[in-house]
Amino acid sequence: MKIVNVCSEAYPYVKTGGLGDVTYSLSKQLAKDNEVAIFLPLYSTIKNKLSDPKLVGNVDVHLSWRHEQCNVFYEKNNGINFYFIENRHYFEREGIYGFDDDGERFALFTQAVVKAMEAIKLVPDIIHIHDWQVGMLPALIKENKLEFYKNTKFVLTIHNSAFLGYLDKDALGNLYNLPTDIFYNGNVKLFDRVSTLRAAIHYCDKIVAVSPTNRNELLNNESSNGLDGPLRMREFDFTGILNGIDVDGFNPKTDKYITSNYDSSSIKNKIENKKLLCKKLGLSNENAPTFGVVTRVTWQKGMDLIFGSIALLVSRGANVVILGSGEQRYEAMMNELHSRFPTQVAVYIGYNDELAHLIYAGSDFFLMPSLFEPCGLGQMIAQRYGALPLVRRVGGLKDSVIGFDGTNLSSANGIAFDFYSLEAMHGTINYALDIFYEKKKEFNRLVINALMTDHSWQKSAQEYEMLYKSIINI
């Protein structure tokens with residue numbers, strides 16, 4: 001099969017969260033048996049990461065009366081064909097998202113990708129689009145009845161339903177050269193605005209949520225951000241496939257970023273990473289239970305529960321290490337907590353890949369009490385390193401973490417709770433600490449269980465391949 005992934009980010013070139021990891025890792029696994037490509041905008045931050053880019057095409061994009069020239073560059077990386085759309089006006093900026101004209105920027109990218117595949121004569125069996133940024137791509141092809149793509153099928157993965165890609169209805173003509181008919185007939189309409197994610201749900205042949213539980217949540221009005229109606233109309237074309245992680249990139253046995261490598265047979269070496277983590281960050285007690293957090297610092301990730309539990313953790317002798325960036329109010333809280341508890345709470349605002357790996361390897365527990373979590377990768381990476389995830393049973397957290405309840409020692413690989421409240425969070429923390437302090441045998445078994453959990457992309461990629469094959473003629 002010829003599979004083309006179109007997305008706004010993909011490791012190793014650009015990553016702000018799980019989307020970048022998933023698009024790369026899935027493509028890497030699929031490329032073992034298929035011809036796989038990824039199309040990305042050529043952000044300024046990507047240019048110094050390219051090894052040997054080749055100019056393979058040039059396309060002219062119309063945004064209503066405006067014309068923009070886009071170059072298409074190519075290079076191969078880990079068996080994946082990467083194509084980069086260059087437009088200096090829209091993409092040579094500091095940062096990836098958060099600009100007032102993001103809708104316009106990704107409209108240009110989406111149009112350019114459609115034209116670029118034809119220009120370089122890349123005829124895909126599957127175009128797999130990810131999230132709102134490129135949600136209008138199948139509408140462009142189907143509404144314009146482009147002969148080049150007559151045998152191509154379309155798959156959408158919804159990584160985060162909180163971002164809907166809202167535009168005014170005039171944007172259909174101004175940014176996509178599409179008629180407003182598709183707004184008035186409901187194809188792209190959500191809450192009286194154009195939603196590019198709503199458009200993708202309508203025009204794609206199959207739709208995927210990033211975990212089975214998240215699929216069920218998206219069919220429920222309370223957690224769908226208004227997408228439940230459109231998704232129920234496509235319910236038989238809507239499935240849930242749990243993401244995996246790159247088990248080569250996250251491997252405590254070979255990880256170059258940690259001080260002492262280990263696996264299930266040499267788990268005692270893990271303590272050396274904890275000692276280094278504490279020394280590096282100024283934590284005074286290297287024997288204390290250590291709770292790691294590696295995350296985007298936003299309301300979605302349960303930061304209120306995490307910050308509301310720091311005093312409890314400190315009072316019970318625990319260390320807390322938080323790495324992340326995001327909402328300013330939470331970043332300010334991080335600094336304030338470090339000031340209050342400088343020898344037990346360490347913070348790093350921003351992202352540091354080397355430190356992230358050391359946090360996973362040096363932590364006993366990993367905090368991830370999300371308000372909602374379509375899939376989540378942090379809990380899987382933590383398990384890979386033998387750090388027990390402490391999670392709320394929601395979305396992919398429910399599908400990937402088996403909480404220890406005192407009776408399931410042979411299968412449990414984390415600690416879990418249900419209700420989004422400080423009371424529930426505190427009770428779960430106390431339960432986890434009681435196990436750490438008083439039931440070392442059980443704690444050590446849970447660590448081994450977590451470390452041996454298989455979250456590789458092999459199974460998930462097979463499910464995607466089966467989905468692709470169900471809609472194409474091969």
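Reader: Starting with α4, how many of its 18 residues are buried?
Author: Helix α4 is mostly covered, with 14 of its 18 residues buried. Buried here means under 20% relative accessible area, exposed means over 50%, and partly exposed lies in between, with a 1.4 Å probe and protein chains only. Helices (H or I, at least four residues) and strands (E, at least two) are DSSP runs, numbered from the N terminus. This is a predicted model, in which local features need pLDDT of at least 70 and side-chain atom pairs count only at pLDDT 80 or more, while totals for chains, interfaces and linings use all residues. Residues are numbered from 1 along each chain as its sequence is written, and side-chain values use heavy atoms, with hydrogens and water left out.

Reader: What should α4 span at 1.5 Å a residue?
Author: The 18 residues of α4 (residues 102–119) should span 26 Å, and the end C-alpha atoms are 25 Å apart, which agrees. The expected span is 1.5 Å times one less than the number of residues in the helix.

Reader: And which residue just after α4 takes a positive phi?
Author: That is K121, with a phi of about 60°.

Reader: Where do K145 and N225 lie, given their positive phi values?
Author: K145, with phi near 50°, lies in the loop between α5 (137–143) and β7 (153–158). N225, which is not a glycine either and has phi of about 55°, is found in the loop between α9 (212–218) and α10 (228–233).

Reader: Is K145 buried or exposed, and what about N225?
Author: K145 counts as exposed because its relative accessibility is 69%, whereas N225, at 36%, counts as partly exposed.

Reader: What does F191 touch, leaving out residues up to four places away in sequence?
Author: With contact taken as heavy atoms within 4.5 Å, F191 touches Y166, N225 and G226. F191 sits in the loop between β9 (189–190) and β10 (193–195), and its relative accessibility of 60% is why F191 counts as exposed.

Reader: Switching to C70, is that residue buried or exposed?
Author: C70 is buried, with a relative accessible area of 0%, and it lies in strand β4 (residues 66–77). Beyond its neighbours within four places in sequence, C70 is in contact with G57, N58, V59, V61, I85, E86, N87, L108 and A112.

Reader: Which residues of α14 are buried?
Author: They are Y330, E331, M334 and L337. They cover an arc of only 120° around the axis, which puts them on the same side of α14; the arc is that of the directions from the helix axis to the C-beta atoms. The face turned away from that buried side carries the exposed residues Q328 and S339.

Reader: What do the buried residues of α14 pack against?
Author: They pack against β13 (290–297), α12 (303–307), α13 (310–315), β14 (319–326) and β15 (345–349).

Reader: And in α18, which residues are buried?
Author: A424, M425, T428, I429, A432, L433, I435 and F436 are buried in α18. Seen down the axis, these fall within an arc of 165°, so they line one face of the helix. On the other side of α18, E423 and E438 are exposed.

Reader: How many cavities of 30 Å³ or more does the count give?
Author: The count comes to 1 cavity of 30 Å³ or more, and about 30 Å³ of space lies in the largest cavity. On a 1 Å grid over the protein atoms alone, a cavity is a set of points where a 1.4 Å probe fits but cannot get out, and lining residues have an atom within 4 Å of a point. Grid points are joined across faces, edges and corners, and a volume is the space filled by probe spheres set on the points.

Reader: Which residues line the largest cavity?
Author: The lining is K2, I3, V4, E35, V36, A37, N81, Y83 and L122. Two or more of the lining residues come from each of β1 (2–6), β2 (35–41) and β5 (80–86). By class there are 6 nonpolar, 1 polar and 2 charged residues, where Ala, Val, Leu, Ile, Met, Phe, Trp, Tyr, Cys and Pro count as nonpolar, Asp, Glu, Lys and Arg as charged, and the others, Gly among them, as polar.

Reader: Last one: which residues does a cis peptide bond join?
Author: A cis peptide bond joins Y11 and P12, with omega of about 10°, and P12 lies in the loop between β1 and α1 (18–30).

Terms used
1 Å grid on protein atoms, 1.4 Å probe; cavity = no way out; pocket = protein on both sides within 12 Å on 5 of 7 lines; lining within 4 Å.
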